[in-house]
Structures are given as C-alpha cells and as structure tokens.
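Morning, everyone. Please have a look at the sequence and the structure on the screen. I'll talk through charges and layout.

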Amino acid sequence: SSSGSSEEAAYQDVDDGDDTGFICKVLVAYEAKDNSEVTLDEGDVVEQLVRIDQEWCGVRRGDGAEGLFPFNLLQRMSDEDCAQYLDELDKEQDGPAMAAPEA
C-alpha cells in the first residue's frame with residue numbers, strides 16, 4: 001500500500017525553491033561592520049536562514065550567532081558536502097570533546 005506517500009510529499013513542500021535553509025561555505029573572510037552582521041573566516045560553514053536582497057542574507061554560525069552576511073561571499077554546499085560536514089560534526093560531538101560548561 002502507499003500509505004507513506006503523503007508524508008514524503010510534505011517534506012518536499014518545505015523546499016519551495018527559495019534560497020533558505022541550506023548550508024554554505026564562506027569563500028572570503030568578512031568582518032562585521034556593525035552588530036547586525038556576523039564576522040566569518042574563509043572556509044567557515046554557516047546555515048543560510050533568509051535571503052534579504054541581492055547583496056545580503058541572514059546566516060547562523062556554528063556557535064549559534066546569527067546576523068547578516070554578504071550573499072556573494074557564500075558558496076552553497078552540495079548535498080554531498082553537507083552530508084560530510086554533518087557527519088564530521090557528529091564525530092566531533094561523539095569524540096573526547098572539551099567538557100561542556102555547567103548549565
């Protein structure tokens with residue numbers, strides 16, 4: 001039976017073709033000019049949250065900080081690269097990480 005098919009469709013609806021919610025790599029280091037922007041180094045990996053306009057998008061850094069970043073300094077990572085990146089994140093968290101600060 002095809003009872004599971006409606007669930008799959010719901011997942012696909014999430015990707016409605018706009019430039020949000022994917023993982024990007026920083027091509028060129030950028031220093032925030034004010035507190036609405038984020039400073040990133042070349043090679044940093046961020047999640048793009050929202051596309052503001054031709055020049056700017058909102059991103060979230062690995063440490064949770066969010067802010068604006070120049071869109072043309074980001075390169076969208078392929079699904080393969082994303083999977084690899086998330087894989088490595090998992091390994092880092094499983095490994096002998098630094099002791100987490102007490103909540």
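First, a term: a residue is buried under 20% relative accessible area, exposed over 50%, and partly exposed in between, using a 1.4 Å probe and protein chains only. This is a predicted model, where local features need pLDDT of at least 70, side-chain atom pairs count only at pLDDT 80 or more, and totals for chains, interfaces and linings use all residues. Residues are numbered from 1 along each chain as its sequence is written, and side-chain values use heavy atoms, with hydrogens and water left out.

Layout next. The protein chain has two helices and five strands. From the N terminus, the order is α-β-β-β-β-β-α. Helices (H or I, at least four residues) and strands (E, at least two) are DSSP runs, numbered from the N terminus. Of the 103 residues in the chain, 20% are buried. Now contacts, meaning heavy atoms within 4.5 Å. Take those with a separation of 6 or more: 42% of them come from residues 24 or more positions apart.

On to salt bridges. I mean a side-chain nitrogen of Lys or Arg within 4 Å of a carboxyl oxygen of Asp or Glu. How many salt bridges does the structure hold? Three.

Start with Glu47 and Arg60, whose side chains meet at 3.0 Å, N to O. Glu47 sits in strand E2 (residues 45–51) and Arg60 in strand E3 (residues 56–60), so this pair ties together parts 13 residues apart in sequence. Glu47 is partly exposed, at 26% relative accessibility. Arg60 is partly exposed too, at 31%.

Arg60 also bridges to Glu66, with the closest N and O atoms 3.0 Å apart. Glu66 is partly exposed at 47%.

Then there is Asp63 with Arg61, closest N and O atoms 2.8 Å apart. Asp63 is exposed, at 55%. Arg61 is partly exposed, at 26%. Which residues do shared partners join into one network? Glu47, Arg60 and Glu66.

Last stop, the surface. Asp87, Glu88, Asp90, Glu92 and Asp94 gather there in a patch of negative charge. Patch residues have over 30% relative accessible area and no salt bridge; like charges are joined within 9 Å, nonpolar side chains (Val, Leu, Ile, Met, Phe, Trp, Tyr) within 5 Å. Asp and Glu count as negative, Lys and Arg as positive; His and the chain ends are not counted. A charge is placed at NZ of Lys, CZ of Arg, CG of Asp or CD of Glu. Asp90 lies in helix H2 (residues 79–94) and is partly exposed, at 42%.

Terms used
Areas by Shrake-Rupley, 256 points an atom, 1.4 Å probe, with all protein chains shown as cover.
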